[in-house]
Structures are given as C-alpha cells and as structure tokens.
Amino acid sequence: MSKSYDKFVEEALEALSNFPDLQLCIREDSLPYLSGNLILSGENDVMYDEYSIKIECPNDYPNNFPLVYETNERLPHNIDWHIYRDGHFCICTPIEEYIHCAKGITLTLFIQKQVLPYLHNQSFREKEGYFLNERSHGSMGILESLYDILHVNDLMKVYSILVYIYKNSKPSRTSKCFCGSDQKYRHCHKEAYEVLKSIGQERLFEIISYLKKLQSI
C-alpha cells in the first residue's frame, strides 16, 4: 500500500469519530474513500440540511485535497456551481489548495474547514440564488486569489513578485521590500513570501508559467 493510502486510512478512522454518519470503504483494487452523510448545522446546532457525499483519497494525499462528490445528484455538474463535469467539487483555487496543503491537512480538518463551508455555500445558493464570497471561475479566480495574497491588482506586478520569490532566498527583515513599495520587507510582503515559498519551487514555477501564458493571450 502507498503512503497516501496508509495516511488516508489512519486519518479516516479519526474522522469517523467526528462524523459518525460517514463510513470508511476499503477495496484492494482502488484507493480508500469515505461515504455517507454530512449534516449541516445552523444556530444552536440545529440541523438544517444534509448531503450524501463521497470523499476519495488522491494518489498524492496529503499534497493535494481529497476529491469530494455529492452522490444524490442534487447539485448540477457545471462550473457555475463550482462542480467539475466529473462531479467532484471545486472547493477553492489551485493556489489556495497548495497553500492549505503546505500548512498541513488532515481529513478531519479538511471536512471541517473546507467541505462543510463549501456545502453551506451550496445550500445558500439553492435558497437565495447566489453564492456568498464567490471566486470567479478559471484564470480570473486564480488571479483573485493571488491579488488577495499579494495585495496588488495587476497581473504584471504579480508575475514579477512571484519570479522574485521563486528565484531568491528570504530577505532580511530590515531590507526594503522586493515589491518596490519602499517599505521594509517585514511590514510589506514578508507573510506573502513565506506563504508562497512554502508551497515549493515546483508549484511556484507552475504558477509562474501559467501567468506567463496569460500575459501572452
């Protein structure tokens, strides 16, 4: 068995104590998964909705999120609902996923911090007709996540900052920030540098290459 398999199974056993309506499914011919119901609670812990879901272990867990599916065909499979055509959830942008995984995830935290809020948002959309705090789709959503992290709103500026982070070691706290703001690094992009550097050089290069393609469109 792979390390991903073993880790998923170990964490699934812990998750079942927090989410008793799920069950662990183990097969010799596939990766393990959780399936069952997740209950959404509102004020005073009163149940107001419930979803039937499946949470699959990816080949490289925990470097990527598990794949989550809604199994009762309640939610439409289209990107306007943040669901891919194969039915798995688009929980956040790839960059945000990289950052969460770099910080370290467990199945219990993934369900609590990612899956439940996502399902709350889906229930809100069904009732009200729109999502709360919705990211745009595709490249715009990726840019929005980078704009939030870097506190800039310009593609070229984002690209130049990411190239610097990719190529350079951590600046001293008292040096001027590499973004050109004339502020000291520790008061400017220190947190952003550390967060983005944490995802690893390979993924940083992947993001930079993607932005370079956007600039040429």
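Lys7 and Glu11 sit 4 residues apart in helix 1 (residues 3–18), which is about one turn of the helix. Helices here are DSSP runs of H or I with at least four residues, numbered from the N terminus, while strands are E runs of at least two. This is a predicted model, where local features need pLDDT of at least 70 and side-chain atom pairs count only at pLDDT 80 or more, while totals for chains, interfaces and linings use all residues. Residues are numbered from 1 along each chain as its sequence is written, and side-chain values use heavy atoms, with hydrogens and water left out.

The term covers a side-chain nitrogen of Lys or Arg within 4 Å of a carboxyl oxygen of Asp or Glu. How do the two partners sit? Glu11 is buried, at 6% relative accessible area, whereas Lys7 is partly exposed at 31%. The cut-offs are under 20% relative accessible area for buried, over 50% for exposed, and partly exposed in between (1.4 Å probe, protein chains only).

Next, look at Lys54 and Glu56. Their closest N and O atoms are 3.2 Å apart, giving another salt bridge. Lys54 is partly exposed, with 25% relative accessible area, and Glu56 is partly exposed too, at 22%.

Further along, Lys176 pairs with Asp182 in a salt bridge at 2.9 Å, N to O. Here Lys176 and Asp182 are both exposed.

Then there's a linked set: Asp49, Arg74 and Glu126 form a network of salt bridges. By this rule, the count comes to 9 salt bridges.
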